[in-house]
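Here is a short tour to follow in your viewer, one selection at a time.

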Amino acid sequence: SYSRMSTLEVGTIAPISGSNDVTLGGSSKNIKFASGTTVDFSTNTPTTTLSATMKNIPAFEAINDTNQSMSNNTYTKVTFGTENLDTDSCFASSRFTPTTNGKYFIYSTLTIQNGSNVGIAGHIQIRKNGSAIFLSQTNVYNNNVMNIFSVSASSIVTLNGSSDYVEIYGLGENSSGTPSILGDANGESIFGAYKVIGA
């Protein structure tokens, strides 16, 4: 037997009578389209099963469903008690520890209540392995005050898929009294992450 390169020119490829499928290629083989070819799926959308490398997973999102008090002007780990999503069971104890190495998009928003006429600042930190890697803050000056601060942070973080973890810390500063991180079923405070495809 022998094989050789050849060109097959046809208008339509259809399955033989009694068969529902046409198979192109084989095990460990790639189907390639020539340079400049336009692949048009406007009539029929192909169905496929994406591998894990082509999905934004592991991924999770959680909310702080109850108010959380904290010491004045002190960074406090935020408790996120309700999961909206956790694809790979990588979120526990308000900590994200993904089981696949790669780059992850991390995001969080905190709603910090400082009390009427006493609020000075609201901060949010993304921490990797306990160390701050991103900080966002809102401050007031010239003896002004603010009751509620909404602060957000997002960053792309490299995680090793085994021991690396991410947490969110918040800070509220008052001229007096005790600040708190607001939370309810509507997600006043939220924390989430997902793996970046191809990174």
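Start by selecting Lys128, which counts as partly exposed because its relative accessibility is 23%. Bear in mind throughout that this is a predicted model.

Lys128 and Asp164 form a salt bridge, with their closest N and O atoms 3.9 Å apart. The two partners come from distant parts of the chain: Lys128 sits in strand 8 (residues 119-128), while Asp164 is in the loop between strand 10 (148-159) and strand 11, 36 residues apart. Is Asp164 buried or exposed? With a relative accessible area of 11%, Asp164 is buried.

Side chains of opposite charge can pair when their charged atoms come close.

Next, select Glu167. At 3% relative accessibility, Glu167 counts as buried.

- Show Lys77 with Glu167: they form a salt bridge whose closest N and O atoms are 2.9 Å apart. Lys77 belongs to strand 3 (residues 76-77) and Glu167 to strand 11 (residues 166-174), so the pair links parts of the chain 90 residues apart. Lys77 itself is partly exposed, at a relative accessible area of 26%.
- Show Arg95 with Glu167: here the closest N and O atoms of the salt bridge are 3.1 Å apart. Because Glu167 lies in strand 11 and Arg95 in strand 6 (residues 95-96), this pair ties together parts 72 residues apart in sequence. Arg95 counts as partly exposed, at 30% relative accessibility.

Now move to Ser180, in strand 12 (residues 180-181). Ser180 is buried, with a relative accessible area of 13%. Which residues surround it, beyond neighbours within four places in sequence? Select Gln68, Ser69, Met70, Thr111, Ile112 and Gln113 to see the contacts of Ser180.

Finally, zoom out and colour by secondary structure. The protein has 0 helices and 13 strands. Its C-alpha trace spans about 90 × 35 × 30 Å along the principal axes. The radius of gyration is 26 Å, whereas a compact globule of 199 residues would have one near 16 Å. Of the contacts with a separation of 6 or more, 75% are between residues 24 or more positions apart. Buried residues make up 33% of the 199 residues.

Methods: Residues are numbered from 1 along each chain as its sequence is written. This is a predicted model: local features need pLDDT of at least 70, side-chain atom pairs count only at pLDDT 80 or more; totals for chains, interfaces and linings use all residues. Side-chain values use heavy atoms; hydrogens and water are left out. Helices (H or I, at least four residues) and strands (E, at least two) are DSSP runs, numbered from the N terminus. The radius of gyration is taken over C-alpha atoms; the globule rule is 2.2 Å times the number of residues to the power 0.38. Buried means under 20% relative accessible area, exposed over 50%, partly exposed in between (1.4 Å probe, protein chains only). Contact means heavy atoms within 4.5 Å. A salt bridge is a side-chain nitrogen of Lys or Arg within 4 Å of a carboxyl oxygen of Asp or Glu.
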